[in-house]
Amino acid sequence: MARKLNLRIWRGDATDGGLKDVQVDVNEGEVVLDVIHRVQATQMGDLAVRWNCKAGKCGSCSMEINGKPRLACMTQVASFDENETITVTPLRAFPVIKDLVTDVSFNYKKAMEIPAYEPPKDLAPGEARMQQVDVERSQEFRKCIECFLCQDTCHVIRDHEENKPSFAGPRFFIRIAELDMHPLDMLKNRKRTAQEEHGLGMCNITKCCTEVCPEHIKITDNAIIPMKERVVDIKYDPARMFAGLLKREKRN
Amino acid sequence: MSGVFSPTRAKIKERTLRTDKWWLEPAITFGVLFSFVIYATFRAFEGANYYKDHLISPFYSPCLSEACVPEATIFGFTPVSAEIFNFALSPALIILIFPLGFRMTCYYYRKAYYRSFWLSPPACAVAEPHTKYTGETRAPLILQNAHRWFFYAGLVFNVFLTYDAIISFKSVEGEWGHMSVGSLVLVVSSTLLWFYSLSCHTCRHTVGGRLKHFSKHPIRYKVWTWVSALNHKHQQFAWYSLAGVAFADIYVRQVATGAWTNFYFF
């Protein structure tokens, strides 16, 4: 049974824009992306929206729905009150291109800055052997669909454009954690560069990245905090400092 | 103009378009933590009503000052002078930095107070009021990295508070094998503190999280899985243990002032 839904869609580009009210039919079981497509088909033929799989696996239809960063294809219209107006805007941490489409290339630049996996030098292709228990922590992070909702909600860059050059963001902290926890990764200074080059220390653990992750990756608890602790290991740990002093004395 | 109002971003004048009660959680957190800080400050400076009949307040344990009630000390060990620079120092002020530091640098409380006190951010996708942000990279917030130091100190405190809970199983006359409401209060309080410490992210890292090969350390891996299970509830333990400590102190104070009678079960 179709009913009418009040929708407010942000329309515009980098120069100007605003929220436009529309009324659109909605059927039982539909998601926000469905009604956006109906608006596009019936009322706003030039409405720009990025989408692909409609199954919560490609991460394309990231936008802000009633102010919350979400995937439009995974947000049920029925999760809102029937009389509620649903407001849809582009991601507010990235430059807008047109309507609901933003330029997320910041994230691809950051991805290129993360040092790649470094296998043991004497390991030939096909010879890598790992136990499940050693890789399961990293596997959680491989669920990431790169929707960049975590990047969008992170206040370090959302509220401070000037931090973008020095802050990789939660999506790339899980990448760093994945590699640092990888049993065969041989790169030595991953912790130090995470802190000194990728801005791990700028994160203040407010957990918004975890709250918005559609894959329910425990970004803060399982990646960022463990990485912060690994940084403490090499820079601030009292027991290790003491042990280091003893070792130096022995060497002397 | 920075942040969500930067020139290249979508032109939206509202700081947030959230329609839910996003302000409620930080408001409650602020109210509870602020109340605790006020109460704890009052009690730390009070310097009295912290001991009665083998019950000692967790705010004053271990009691290391010469000003301590003799029965409240650990075997009479009082290495700290009662006065510093002619200022009478409450025994609580000597030690409270350790549990306070543990909670201040705790990964959960950081989230709680950054959101509710510093509004950085007040809630997810709600623009913060600050024009600059450097996170935990500079003083004073770089001191958050001292959490591990406070974690170790917190474990020592837990041992003292467990000892306090054990000696509360004495009668007023000092005979073992008795139990009062006060014993129950101190046991619950110290148990919650152990859960809070053992569920801590630093504990999780220390017991096994730092390992690259769990398969080479099966016992540490097992312990890590247990601590990880507790870690999921760290937020709850943080609040429960805070409430437990506060209530234990209120209870001891009420008993010490004579307002409440410590009822003995046997």
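Two residues count as in contact here if their C-beta atoms, placed from the backbone, lie within 7 Å. With that in hand, start with chain A and its two parts: domain 1 covers 3-102 and domain 2 covers 105-239, with bounds that come from an automatic or database domain assignment. In chain A, 12 residues of domain 1 are in contact with 13 residues of domain 2. By class, the domain 1 side of that meeting has seven nonpolar, three polar and two charged residues. For these classes, Ala, Val, Leu, Ile, Met, Phe, Trp, Tyr, Cys and Pro are taken as nonpolar, Asp, Glu, Lys and Arg as charged, and the others, Gly among them, as polar. The C-alpha centres of the two domains of chain A lie 30 Å apart.

A word on what you're looking at: this is a predicted model, in which local features need pLDDT of at least 70 and side-chain atom pairs count only at pLDDT 80 or more, while totals for chains, interfaces and linings use all residues. Residues are numbered from 1 along each chain as its sequence is written, and chains are lettered from A and ligands numbered from 1 in the order in which they are written.

Now for the sheet in chain A. Five strands make up an open sheet with mixed pairing, in the order β2-β1-β5-β3-β4. β2 (17-26) and β4 (68-71) of chain A are at the edges with a single partner strand each, so one side of each has no neighbour in the sheet. From one strand to the next, the twist averages 35°. Strands and helices are DSSP runs numbered from the N terminus (E, at least two residues, for strands; H or I, at least four, for helices), and two strands pair if DSSP finds at least two bridges between them. In general, the strands of a sheet pair through backbone hydrogen bonds, either parallel or antiparallel.

Begin with β1 (residues 3-12) of chain A, which runs antiparallel to β2(A) and is joined to it by 10 bridges. Here N6(A) sits opposite Q23(A) of β2(A). Elsewhere in the sheet, β3(A) pairs with β4(A) in the antiparallel sense over four bridges, and M63(A) stands opposite R70(A) in β4(A). The hairpin of β3(A) and β4(A) has two residues between the strands, and N66(A) there takes a positive phi near 50°. β3(A) also pairs with β5(A), again antiparallel, over two bridges, with V88(A) of β5(A) as the bridge partner of I65(A).

Axes are lines fitted to C-alpha atoms, for helices over the stretch in contact, and angles run from 0 to 180 degrees between N-to-C directions.

Next, the partner chain. Between the chains, 51 residues of chain A are in contact with 44 residues of chain B. On the chain A side, α9(A) gives the largest share, seven residues. That side has 20 nonpolar, 15 polar and 16 charged residues.

Chain B itself has nine helices and four strands, and from the N terminus on its elements run α-β-β-β-β-α-α-α-α-α-α-α-α. Its C-alpha atoms fill a box of roughly 75 × 50 × 40 Å, taken along the principal axes. Residues 24 or more positions apart account for 67% of the contacts in chain B with a separation of 6 or more.
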